[in-house]
Amino acid sequence: MTRLLNLFLSLTLLSSCANSQTKNAETKVVTIEYSNEINGFSVKAIWKPNTVRYSHTKGPAIIEFYNKKDSTTFTLTNNNFGILNSKLPFSYSEDSLEIISLNQNDIKLVYDENNLKSEYSFGTTNEPFFFQDLDFDNIKELIIGEIGNGQREVASFKAYKFEYNDIQSELYGITNIEPFKSLDEMSKVDNINKRIIIYGSGGICSSGSEIYKLQPSKNDYEGNMFILETVIVEERDDNLNKCYELKYKVINQSKQLISKKEIK
């Protein structure tokens, strides 16, 4: 009970930074519990839903992962925890832009592992989190979705790696290093060539990509890493009224132009 109380207090602090779009200022906390085991974990969340974005309801949450195999537990926070409206018992306004009533305080959900992949984008927002091997070491990382937190309001993702059956800290893990810290729905994981492509959408003739290539570990003590291999940028020549795509090879942190072509 003490631990749950501490989680509740933490959630209250998190929610103070969120903008409420719940009608009549309703700010109740609900608990989410998944009835099925997910990648070896039982998962619960304490959640304060307050905003509707597209087909999702989102708000700050504390997510608890319990490993049944060794009885270990860890928690993560997410200010943009989102669940599909269609899975929730909430009542919404006629235009589906506001929450009218939460209806239930304790919600049980089924995690649908058959509805995770997207043909058009990296990751998934059909579930609030998923597991995928991002660094090609045959161990799946935990990826948390952040609804509306990425460029052009797509979902961004935070990746967490496991070490000795526990999750790595953000300070020493992959969470806040490239290319993982820039993952969003516009990114791409190239499993064949073992590359991660981070796409930046800047509008007409202002977009670009950073392509990171796998650098396999040299020994059992180091993990796989990624190095920036290629940078692609779009630039406009106002004098010629043309747009060009410039491709650079990155060598020792320096860019070398390898191609330039006109694009329309």
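For the classes used below, Ala, Val, Leu, Ile, Met, Phe, Trp, Tyr, Cys and Pro count as nonpolar, Asp, Glu, Lys and Arg as charged, and the others, Gly among them, as polar.

**Model and confidence**

The structure is a predicted model. Mean pLDDT over the chain is 89, and 90% of the residues score at least 70. Among the elements, the lowest mean pLDDT, 52, belongs to helix α1 (residues 2-15), while strand β15 (residues 195-200) has the highest, 98. Over residues 15-20 the pLDDT is below 50, and this stretch has eight contacts in the model beyond near neighbours in sequence.

**Overall architecture**

The chain has 264 residues, of which 42% count as buried. Of the contacts between residues at least 6 apart in sequence, 44% join residues at least 24 apart.

**The largest cavity**

One cavity of 30 Å³ or more is counted, and the largest cavity has a volume of about 30 Å³. Its lining is formed by L76, T77, N78, I144, E146, K158 and Y160.

| Element | Residue range |
|---|---|
| β5 | residues 72-84 |
| β10 | residues 141-146 |
| β11 | residues 156-160 |

Strand β5 provides the largest share of the lining, three residues. By class, the lining of the largest cavity comprises three nonpolar, two polar and two charged residues. Among the residues lining this cavity, L76, I144 and Y160 belong to types that count as nonpolar, whereas E146 and K158 belong to types that count as charged.

Q132 lies in strand β9, which covers residues 129-132. Its relative accessibility is 23%, so Q132 counts as partly exposed; the buried class requires a value under 20%, and the exposed class a value over 50%. Leaving aside residues up to four places away in sequence, Q132 touches F122, K140, E141, I143 and V189. Q132 and L142 are ten residues apart in sequence, and their C-alpha atoms are 6.7 Å apart in space.

Note on methods:
Residues numbered from 1 in each chain as written. Predicted model: local features only at pLDDT ≥ 70, side-chain atom pairs only at ≥ 80, totals over all residues. Heavy atoms only, no water. pLDDT = per-residue confidence, 0-100. Helix = DSSP H or I, 4+ residues; strand = E, 2+ residues; numbered from the N terminus. Contact = heavy atoms within 4.5 Å. Buried < 20%, exposed > 50% of the residue type's maximum accessible area, 1.4 Å probe, protein only. 1 Å grid on protein atoms, 1.4 Å probe; cavity = no way out; pocket = protein on both sides within 12 Å on 5 of 7 lines; lining within 4 Å. Points joined across faces, edges and corners; volume = space filled by probe spheres on them.
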